[in-house]
Amino acid sequence: MKNIFITISLCFLLVSCSSSFQGFYNNHKADMGATSFQVPNFMKALLSNISPEVKSAIGNISDFKYIKFQSVNALKRQSLIEEMNAVTNSGYTDVFRKNELEQTRIISVREVGVVVTDAIIFNSTENETTAYYFQGNFDPEKIKSFADEETFNAFSNNLMQSYNSNINPSFNPEN
């Protein structure tokens, strides 16, 4: 009984401690099987060089974080979803939320007037869980378009390709 109480207390502590995306990111960036990056200030210029498709979708970015979990078990996946719920319940407005056994998709934003200033795009399937955090000035309709699975997947692929090619330039002088 004591072990169950300690486990429940630890789970509550983890969820309550990560009620910001930065907290969620920090809690999980070193998890086994996680891939993550955040763009530091000295690399902000890199964000202006992303592909036109990605730039059109997300607008002007001042902060960008990404984390992906592969091969998570059902318990870990549920824990990630609960933590993201805690994050999005702390001052965000859900633009879209889909909760099913096979997939949980959350698009949640903070607004100043009619401008979206922060956006979290979270997608969790039985195979992988992915979360993006953007800060900047965004078109709300573009952010809302990520509710469509094909749009989300295409955006995700374009963004990762663009980011990887910009952060890992070719050392071949002929390229």
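## A hairpin and what surrounds it

Let's start at a turn: strand 4 and strand 5 make a hairpin with two residues between them, and G113 in that turn has a positive phi of about 65°. Helices (H or I, at least four residues) and strands (E, at least two) are DSSP runs, numbered from the N terminus. This is a predicted model, where local features need pLDDT of at least 70, side-chain atom pairs count only at pLDDT 80 or more, and totals for chains, interfaces and linings use all residues. Residues are numbered from 1 along each chain as its sequence is written, and side-chain values use heavy atoms, with hydrogens and water left out.

**The sheet around the hairpin**

Two strands pair if DSSP finds at least two bridges between them. Strand 4 and strand 5 run antiparallel and are joined by ten bridges. On its other pairing, strand 5 meets strand 6 in the antiparallel sense over eight bridges, and a hairpin of two residues connects strand 5 to strand 6. I120 is a handy place to look: S108 stands opposite I120 of strand 5, while Y133 is the bridge partner of I120 in strand 6.

Is strand 5 mostly covered or mostly open? Mostly covered: ten of its eleven residues are buried. Buried means under 20% relative accessible area, exposed means over 50%, and partly exposed lies in between (1.4 Å probe, protein chains only).

**The whole protein**

Zooming out, the protein has seven helices and six strands. Along the sequence they follow the pattern α-α-β-α-α-β-α-β-β-β-β-α-α. Of its 175 residues, 39% count as buried. Contact means heavy atoms within 4.5 Å. Among contacts with a separation of 6 or more, 61% come from residues 24 or more positions apart.

**Two cores**

A nonpolar core is a set of buried Ala, Val, Leu, Ile, Met, Phe, Trp, Tyr and Cys residues joined through side-chain atoms within 4.5 Å. In soluble globular proteins, nonpolar side chains tend to be buried together. Here, the largest core has 19 residues, and F64, I121, Y132, F134 and I143 touch the most other members. Strand 2, strand 4 (103-112), strand 5 (115-125), strand 6 (128-138) and helix 7 (149-167) each supply at least two residues of this core. Which element gives the most to this core? That's helix 7, with four residues.

Apart from this core lies another, of 16 residues, including F24, I67, V72 and I81.

Y132 is worth a click in the viewer. Leaving aside neighbours within four places in sequence, Y132 is in contact with a list of residues that includes F21, F64, I121, F152 and M160.

**Rings that meet**

Rings of Phe, Tyr and Trp (its six-membered ring) pair if their centres lie within 6.5 Å; planes under 30 degrees apart count as stacked, over 60 as edge-to-face and the rest as tilted. By this rule there are ten aromatic pairs. Take F24 and F69: their ring centres are 6.3 Å apart and their planes sit at 80°, so the pair is edge-to-face. Because F24 lies in helix 2 (residues 21-28) and F69 in strand 2 (residues 60-70), the pair ties together parts that are 45 residues apart in sequence. F24 is buried at 0% relative accessibility, and F69 is buried too, with a relative accessible area of 1%. Y132 turns up again here, as F37, F64, Y66, Y132, F134 and F138 form one aromatic cluster.

**Charged partners**

Side chains of opposite charge can pair when their charged atoms come close. A salt bridge is a side-chain nitrogen of Lys or Arg within 4 Å of a carboxyl oxygen of Asp or Glu. The whole structure holds four salt bridges, among them these:

| Salt bridge | N to O distance |
|---|---|
| D31 and K76 | 2.5 Å |
| D63 and K65 | 2.6 Å |
| K98 and E100 | 3.8 Å |

K76 is partly exposed, at 25% relative accessible area. D63 and K65 are both buried. K98 is partly exposed at 28%, and E100 is partly exposed at 40%.

Most residues other than glycine have a negative phi, and most peptide bonds are trans. S71 has a positive phi near 55°, though this residue is not a glycine. S71 sits in the loop between strand 2 and helix 5, and at 71% relative accessibility S71 counts as exposed.
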